Amino acid sequence: MADGILVKDLNAWFGDHHVLHDIGIAMAPKAVTALIGPSGCGKSTFIRCLNRMHEVVPGARVTGGVRVEGQDVYAPGVDPVQIRRKIGMVFQKPNPFPTMSVFDNVVVGLRLGGMRERAVLHEAAERALRQAALWDEVKDALGKSGVSLSGGQQQRLCIARALAVEPEVLLMDEPCSALDPIATAKIEELILELRSTLTIVIVTHNMQQAARVSEATGFFLLGELVEFGVTRQLFTNPRDKRTEDYITGRFG
Amino acid sequence: MTPAARRGINIVMSGVAALAAALVVLPLLVIFGFLLWQGASAVNVDFFLHLPKPVGEAGGGMANAIVGTLILVVLAAALGLPLGIFGGLYLAESRDRRLPWLARFVADVLNGVPSIVIGIFAYTVIVLPMKRFSALAGGFALAVIMLPIVVRTSEEMVRLVPSSMREAALALGIPEWKVLLRVVLPTARAGIITGVMVAIARVAGETAPLLFTAFGNRFWHQGLDQPIAALPLQIFAYAIAPYDDWHRQAWAGALTLIGLVFVVSLAARVVTSGRFTGVR
Ligand SMILES: Nc1ncnc2c1ncn2[C@@H]1O[C@H](COP(=O)(O)OP(=O)(O)OP(=O)(O)O)[C@@H](O)[C@H]1O
Ligand SMILES: [Mg+2]
């Protein structure tokens, strides 16, 4: 099957620091895959390899193969800009553009991609904001600064910004780590809604969250993928001792 | 330490800090007050609207010098700002090591070069080949003085833009050059404008580099390839002349110069505080 995300023999470095070792994984299309693991094990690095954001860091290097929805991400001649349009990303910390209004934040990807027609931009903004469950809260304040929103609203604004360019895949790096339970619940609801149209990969430290939103879960440890499988099975009946130690909290 | 002692120290230190602040502001106030006292009597409508009168006749103004200074500053800005801002952007963003290091070093050295040396430089590369003093040569000299200030502040301000902004934009599939021009630069805008204002204020009052470039002129602006009047030059000429009336006009000119810088800075503040601003 060509769809979904297929990773083979992925290795990644920051300078001489070898952070990812021979990662192989096949994530299903139009489904939610959760990635868990202790801090520093390489989860962020891994998802940044999927949309070619890893190479943005000076000195960073990748080898191996990644296919996303049938396209070879690291084939020679492939434009990383085009890959990143197809694969949206939401970061751990909300990062709306401080010089832009709520509206401009949402449509910035389209606008800088060349779209000028106001009607199209408005339609896209409303659709993305509705998808991100933010429309009702900001529809009367589209001209306000993006950073004047609350943290949870800012994160949903960032999700709307990513959705506005209609990506096929959405990568979320601990999207709820700065949010309260209510905002977190909103974003989880959103993930469940989006999965019918998108392939989603979410990094999380919250195992209940992984259990609630994902079909499959991968456990990373020290730059290796220790275990990958159906979420319920991984949490109730892990194959690897290290996974069991981690999810039961017996980990040093 | 007892709470009473802590409060005592607190009061003393606050007093010291307030005194230091007052001492910093004092020279500025004294200069301004002195200028007002000496120059206010010569400031009138004629001063702003008329050409200088021939030697011996009372009255007249410095209108040509005010216009000349504005033209010189605009010329300098037109030459120096794009180069300086994009140069700063390059220094902040380049992954290369050697060339930025060299450029930074050159900018810092240039910043320390006495302005009269830059005047001689402009004289050599523009006045001599053109065989005459000109507004262009004066604008060029001022642009060279602006350049290192603008380059270095732009670089610092662009560096202050968090990398999360860049990454957010790149992850949306925006090409890198657009990320720089449409996201990074606007985020650094307020800080860059402050740097630009400092540079403009600095060159507006420069005298030495204009002596043998813009040269001065007792008439209205006659084209960019002709000598042009400038407030600092006129102030200098009037201040060393033996006429009381000219002395008063020199004071008034100085007052006008400070007023110009003040208005420009204020305008920039107002402009930048309007929309949402990024790094300050
Ligand atoms: N920009 C960077 N430059 C150098 N090393 C880095 C950089 N980012 C991460 N690393 C290193 O790579 C390793 C993996 O980091 P990564 O951010 O992928 O971990 P993570 O699993 O996402 O952790 P967390 O759960 O804390 O977010 C760590 O050892 C870290 O020190
Ligand atoms: Mg991380």
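Chain B and chain A bury about 2100 Å² between them, 66% of it on carbon and sulfur atoms. Buried area is the accessible area (1.4 Å probe) that two parts lose on being put together, summed over both. The size of an interface is often given in this way, as accessible area lost. The model is predicted: local features need pLDDT of at least 70, side-chain atom pairs count only at pLDDT 80 or more, and totals for chains, interfaces and linings use all residues. Residues are numbered from 1 along each chain as its sequence is written, chains are lettered from A and ligands numbered from 1 in the order in which they are written, and side-chain values use heavy atoms, without hydrogens and water.

**Between the chains**

At the interface, 21 residues of chain B are in contact with 29 residues of chain A. Contact means heavy atoms within 4.5 Å. The rule finds one salt bridge across this interface. A salt bridge is a side-chain nitrogen of Lys or Arg within 4 Å of a carboxyl oxygen of Asp or Glu. The side chains of E167(B) and R48(A) meet in a salt bridge, at 2.8 Å from N to O.

**Salt bridges overall**

Over all chains, the structure holds 21 salt bridges. One of them joins E215(A) to R195(A), with the closest N and O atoms 2.6 Å apart. E215(A) lies in the loop between α8 (207–213) and β9 (216–221) of chain A, and R195(A) in the loop between α7 (181–194) and β8 (199–203) of chain A, so the pair ties together parts that are 20 residues apart in sequence.

**Chain B and its helices**

Chain B has 12 helices and zero strands. Helices (H or I, at least four residues) and strands (E, at least two) are DSSP runs, numbered from the N terminus. The C-alpha trace of chain B spans about 70 × 65 × 35 Å along its principal axes.

Two packed helices are described by the angle between their axes and the distance between the axes. Axes are lines fitted to C-alpha atoms, for helices over the stretch in contact, and angles run from 0 to 180 degrees between N-to-C directions.

| Helix pair | Axis distance | Angle |
|---|---|---|
| α4(B) and α6(B) | within 8 Å | roughly 130° |
| α7(B) and α8(B) | 10 Å | about 130° |
| α3(B) and α8(B) | within 12 Å | roughly 95° |

Angles under 35 degrees count as roughly parallel, over 145 as roughly antiparallel, 65 to 115 as roughly perpendicular and the rest as oblique.

Take α3(B) and α8(B). Their angle makes α3(B) roughly perpendicular to α8(B). I85(B), F86(B), L89(B) and E93(B) of α3(B) touch L180(B), L181(B), V184(B) and L185(B) of α8(B). By class, this contact has seven nonpolar, no polar and one charged residue. Ala, Val, Leu, Ile, Met, Phe, Trp, Tyr, Cys and Pro count as nonpolar, Asp, Glu, Lys and Arg as charged, and the others, Gly among them, as polar.

Next come α4(B) and α6(B). They are oblique to each other. The crossing is left-handed. A crossing is left-handed if the near helix is turned anticlockwise from the far one by less than a right angle, and right-handed if clockwise. R104(B), A107(B), D108(B), L110(B) and N111(B) in α4(B) meet residues of α6(B), including V144(B), P148(B) and R152(B). The contact of α4(B) with α6(B) has five nonpolar, one polar and five charged residues.

Last, α7(B) and α8(B) cross in a right-handed way. M165(B), R166(B), A169(B) and L170(B) of α7(B) meet E176(B), V179(B), V183(B) and V184(B) of α8(B). Six nonpolar, no polar and two charged residues make up the contact of α7(B) with α8(B).
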